Structures are given as structure tokens and as C-alpha cells.
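Consider the model shown here.

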Amino acid sequence: MDSTIEQVLIDAAANARLKAYAPYSKFRVGAALLLPDGQIVAGCNVENASYGLAICAERSAICTAVTMGHREFEAIAVAASPLASPCGACRQFIVEFGKDIEVVCFDSEDRGQIRRWTSGELLPESFEFGQPGAK
Ligand code: THU
């Protein structure tokens, strides 16, 4: 990804993190998806008094994007502090839409702390539902 575009995506993830609803863990996470046409769709973590119902920022962003009609993603940036890489459920959720999605995780309080992978690298041998045309 072009470094200017990456910077815009990172800013969007950091802004989404400010919207996080995380009164229980206090761990705020923001995510921003880059679409092929350059649009950005963001999400944040949303927790619940019934702790297990919390939804992560990455899945929140993907659900919003899919609801808007988007199914192709070039990259996802994830903002947390300290830096957090996507949980297992989110890895499976991201790889559903491709193994070459760039995943950029950074510390939103210390932007120099940044790591990059592809979705396939984060979840090799991911589960695939072996039914042709399922998508
Ligand atoms: N969280 C995310 O939003 N993304 C991840 O990949 C890992 C964890 C959230 C879920 C919960 O609201 C908080 O971080 C603490 O686990």
C-alpha cells in the first residue's frame, strides 16, 4: 500500500478508536478498512455487560462494510494502545475476504510501533467452507 494512503487509513483507525465503547476492559480499539476505490470504512469495539458479547473493532468494521455492500478489501488498519494484533476470531473474519489483505496494526499513542502482515500470514490454514458458490 502506498505510504500516503496507509497514513490516511491509520488516521481513520485512530479516529474510530476514539468512538470505542469499552467501559469494562477500557481497552479501546479502532479499525479502518480500505476499499479498492479508496473509500474507508471504520469500526470500533463495542462491549456489553454480558462480557462475552463484545464485538471487536475489526469485525465491527467488516460488518459495516458488508452491510454497505462491500466485499473487497485491500487493507485493514487496527489502532490500539499498546499495539494489538487481531484476535483469532477476527483473523478468520478478515481472511474470509481474501488472503492478501494487508493488516497494519499500530500503537495509536506511539505511531512508531507498527507491524504489518497479510491476512494469510496471520491465519495460515484458515477454515474454508468447501461449498462452491457459497459466497
Ligand atoms: N478487541 C478488539 O477490538 N480487537 C481485537 O482483535 C482483540 C480485542 C477488543 C475486544 C474487547 O472489547 C477488548 O478489545 C478487550 O479484549
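The model is a predicted one. Four helices and five strands make up the secondary structure elements of the protein. Read from the N terminus, their order is α-β-β-α-β-α-β-β-α. The protein is as compact as a globular protein of 135 residues, because its radius of gyration, 14 Å, is close to the 14 Å that the globule rule gives for that length. The C-alpha trace spans about 40 × 40 × 30 Å along the principal axes.

How do the residues divide by burial and by contact? Of the 135 residues in the protein, 39% count as buried, where buried means under 20% relative accessible area. Among contacts with a sequence separation of 6 or more, 61% are between residues 24 or more positions apart. The accessible surface of the protein amounts to about 7,500 Å². Carbon and sulfur atoms account for 52% of that area.

How much space lies in the second largest pocket? The volume is about 190 Å³. This pocket is lined by 15 residues, and F27, V29, N45, C56 and E58 are the closest of them to its centre. What is the make-up of the lining by class? Nonpolar residues number 10 in the lining of the second largest pocket, alongside three polar and two charged residues.

Definitions and conventions:
Residues numbered from 1 in each chain as written. Predicted model: local features only at pLDDT ≥ 70, side-chain atom pairs only at ≥ 80, totals over all residues. Heavy atoms only, no water. 1 Å grid on protein atoms, 1.4 Å probe; cavity = no way out; pocket = protein on both sides within 12 Å on 5 of 7 lines; lining within 4 Å. Points joined across faces, edges and corners; volume = space filled by probe spheres on them. Nonpolar A, V, L, I, M, F, W, Y, C, P; charged D, E, K, R; others polar. Helix = DSSP H or I, 4+ residues; strand = E, 2+ residues; numbered from the N terminus. Rg over C-alpha atoms; globule rule 2.2 N^0.38 Å. Buried < 20%, exposed > 50% of the residue type's maximum accessible area, 1.4 Å probe, protein only. Contact = heavy atoms within 4.5 Å. Areas by Shrake-Rupley, 256 points an atom, 1.4 Å probe, with all protein chains shown as cover.
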